[in-house]
Amino acid sequence: MQQLSIAGSDQPKDALMSTPRNVCTVNSASLVTKNYDGSEILAARKKEFMMMVDDYMEYDIDGILDLAVAEDEGAKSAARALANSIAALVESLCTEEDSQANTASTRSASIISEWVSKQQQHRPLPPSAKGKSAKTRPTGDIAALTSSIVEFKKWTIDGNKQTEESALYRPISQFFDFVASCIKLSQNTQRTLPKRLIVPFGKSDRKFEDGDDRSRVDIVLNLVEVDNYKAGTSIKLPETTNNQLPKLIDTFALIEVKTSQDSIDNAMPQLFRYSRGIYEEQYNRRFVWGLAVSGSLVKIVFFGPNYALASPVIDLGQTDGRKQLVSLLVSWSFCESHQLGYDPTIIHHREAGYYEIKVEHDGQTKTYYSEGAVIGAERLFGRHTRCFAASEERPVRGGREHQPDRFIKDAWPEATEDADADYRDESRHLRKVTERLAMAKAKGSEDEIDLDGMYPRYDSGGRVRIRRLGAGGKCLAVEDTSKSILSNRIGNELDRRHTDKMAALRGAKDESADKNSYQSREIARFPLRVHKRICMIGIGRPLKYIRNCLELICVLADVMECHDAIYKHCNILHRDMSTNNILFTGSGSSIKGMLIDFDHAVCNDDVDSMRNFERSGTLPYMSITNLERGNADYSLLDEWESLIYIMCWTGSYDWRARRLVKEQKPANPERKIPTNTVKHRSASCQRTAVRLNGYCTIRSDKPTKRVANWCQGDISKCADQKREDLDTQKLFDVITDDFDMNIPYIKGLIHVVHDLRKALIDDPEEAKQQGTLLKYSESERHSWELDWDDVSRKPAKVDPFKERAKVADVIAKKLLQVMRVARENAQKLLIRDEQKDLASDM
């Protein structure tokens, strides 16, 4: 998904298409309405995340808290001892009988002072503190700690008595502050020092300054350096900031609070919703932690690449529960950053304003620098694709402008654990494409098209490895996968649950469930995802910055020329043709298209990889065979069918950025952008532009266009709709009649898309290869008519797609010729327009 502005472009990052895609985004763009107000958006979002909880959440997983235990033996031992000590202190304070306020405060201060003294007495000083007198050792702000005790006891002791959520915010924050302060006070008595502190943001129930909606989060947890934290205080921001709002980019974890009258699991949908933004803003985040609270009950939630795991309930009203939470907070302070979910191979130098990115290549590590991701991970689960424009030169703030010449893609695609058996590995495909096309160019065949700039060339990359400490303190490079970030204990438990569920499904006699439904994903529970990073040479711009249909035709023609060459020389099928995976360089008559994102590509040499066992692609552009997972293998014709859908979609919904629309449309106040209102189960649906599978549409009350049906309902209905729309010229006219006639040169696009449909659907020589609807063959129909009384016999229908796949190469040549002619004609018109503009300027 390599989409970015070229170097020096003035386009903002958020102006780029950035919708991530899984193997299939089923049911992800669905409902179309005429009225679309805020209440409907909130209702749609609530339903979306409730479904997400049902699909991805696993409850009562033992061992979640152990994931934060430090790998270093010294840090582990120090954290364990300190946690036990703080837990004992909390226990003595919580079990102290209430008395008059002054007396209670005095007793608490005495207990804390005694605890601090004991810490300093029994723990040796680190080498840097030796030689200092006891008077110079830091004692901390004991008074601040004492003042927080009364507050946090309202949570640990009286949490279930609170009837308002807001009444729990301060007590919860005070508990976290108290534990952080205790760690701060004891840091100079430790041989192994804490690496950080977990501290709540100073204000509760706040929206994010860098968030994309008005969501108000109950409590935000941040990481702070130990030396920068004053005991007994939450994070405070300068008065110059935006009303002291927290930032997603600084957030470590979120806490969603409910009262004891509400089930703790009811906090999960909101926790899911708010945690999504952390992935979007933090480009080096691998997984996320969260806490759900109901009264004095707590669940720790671990958000992985394709699962959410919740711990058993921790009861803060019980001694063991308080000790568990204290131990977790201390562990978070001592563990490695990768255990918190951060990627140590992507380092954010915030003050300098750039990211340092490590990419492995043939056993070596290359370092690149980027000013930030042009595409962030917008979803809580899935591929988490992030894209960076980078170079080998370190940016200098205030120096000359950074000139990126490489493109880095970081993602978590589904893959096999064995790298050698990973036939969908993008780096392997791109390396092959780069080498084979270079060889073809060197041979200099006359019929070869110059493909320079039409595909990204492989530079480096592969699977990401994280350095971790193993037994005996040995440093190991471990592949970063959705399995390796978990412990064996949790992995075995998930495998057991999945095995039990599959056994139950096999034993179930009810076969009424639709196999194409959204919920059927649960059958393939938590497939393995592997963290991969690839560096490529080649930078382009997204389609939304193409100015007219002539440029669009040229770009699409180049993309299909590139795909044809890749298939010819490398025997690789792309399998994810979409607006997201097509870029361009240049403009006017010099414009050139670029085909990117080979995550779903397969090599035709591998027979097993060509079996149509899974769907791949972006829903509106997926071929009918792909949607139905029928008997026909995926072929070149599926790519051409996707091209037709891309043309129909871009023609129906003006694909151009609104800046270009405003610049190029005549100054007519009566003319409006003819777009639709699309209600989309996307986390970004509350924005002014509603995002639909990488496509931005503007809300309107106009009737729905027919192509919107290609991504509504379940997959089988989408496939049926496409079969109907493409079957005959007359039915397809309904689609092209919906094209936006305000787009420059839209009639040329209509002409080309009709020629493509005709070459694909109508022109094959045999009748059984024509059309799109299932039909009876002549022999089958005749036999059936003779045996009409034989009700036991069910006649078989012919699928034109399966029949055409047998002659795919022949039909593909005709389709390629259509695009070559279209590009030639479009380029002539572009040259004519450029000459007119030049003449008018003289």
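This is a predicted model: local features need pLDDT of at least 70, side-chain atom pairs count only at pLDDT 80 or more; totals for chains, interfaces and linings use all residues.
Student: What makes the contact of Arg706 with Asp725 a salt bridge?

Tutor: The limit is 4 Å between a side-chain nitrogen of Lys or Arg and a carboxyl oxygen of Asp or Glu. For Arg706 and Asp725 the N and O atoms are 2.5 Å apart, and therefore the pair qualifies under that limit.

Student: Is Asp725 buried or exposed, and how do you know?

Tutor: Buried means under 20%. The relative accessibility of Asp725 is 0%, and it therefore counts as buried.

Student: Which residues does Gln721 contact, leaving aside its neighbours within four places in sequence?

Tutor: Gln721, which lies in helix H15, is in contact with Arg706, Asn709 and Trp710.

Student: Why is Gln721 called buried?

Tutor: Its relative accessible area is 16%. The cut-off is under 20%, so a residue with that value is buried.

Student: How many salt bridges does the structure hold?

Tutor: It holds 51. One of the salt bridges joins Lys195 and Glu336, with the closest N and O atoms 3.7 Å apart. The limit is within 4 Å, and therefore this pair also counts.

Student: Why does the pair of Lys195 and Glu336 tie together parts that are apart in sequence?

Tutor: Lys195 is in the loop between helix H5 (166-186) and E3, and Glu336 is in the loop between helix H7 (319-334) and helix H8 (337-340), so the pair ties together parts that are 141 residues apart in sequence. Lys195 is partly exposed at 38% relative accessibility, and Glu336 is partly exposed at 25%.

Student: What is the distance, N to O, in the salt bridge of Asp654 and Arg656?

Tutor: It is 2.7 Å. Asp654 and Arg656 are both buried.

Student: What is the phi angle of Asp205?

Tutor: It is positive, at about 55°, although Asp205 is not a glycine. Asp205 is in the loop between strand E3 (197-200) and strand E4 (206-207). Its relative accessibility is 26%, so Asp205 is partly exposed.

Student: Why is His384 called buried?

Tutor: Its relative accessibility is 3%, and the class requires a value under 20%, so the name applies. His384 also has a positive phi, near 50°, in a residue other than glycine. The loop that holds His384 runs between strand E14 (364-375) and strand E15 (386-391).

Student: What makes E21 and E24 the edges of their sheet?

Tutor: The sheet is open, with 3 strands in the order E21-E23-E24 and antiparallel pairing. Strand E21 (541-542) and strand E24 (592-595) each have a single partner strand, so one side of each is left without a neighbour in the sheet.

Student: How many bridges pair E23 with E24?

Tutor: Strand E23 (residues 582-585) pairs with E24 over 4 bridges, in the antiparallel sense. Pairing needs at least two bridges, and therefore E23 and E24 count as paired. Ile582 stands opposite Leu595 in E24. Helix H11 (residues 549-570) packs on this sheet, touching E23 and E24, and its direction makes about 45° with that of E24.

Student: How do you know that strand E17 is mostly covered?

Tutor: Of the 7 residues in E17 (residues 457-463), 6 are buried. This strand is joined by 6 bridges to strand E20 (residues 532-537), and the two run antiparallel. Within E20, Met536 is the bridge partner of Tyr458.

Terms used: Residues are numbered from 1 along each chain as its sequence is written. Side-chain values use heavy atoms; hydrogens and water are left out. Buried means under 20% relative accessible area, exposed over 50%, partly exposed in between (1.4 Å probe, protein chains only). Contact means heavy atoms within 4.5 Å. Axes are lines fitted to C-alpha atoms, for helices over the stretch in contact, and angles run from 0 to 180 degrees between N-to-C directions.
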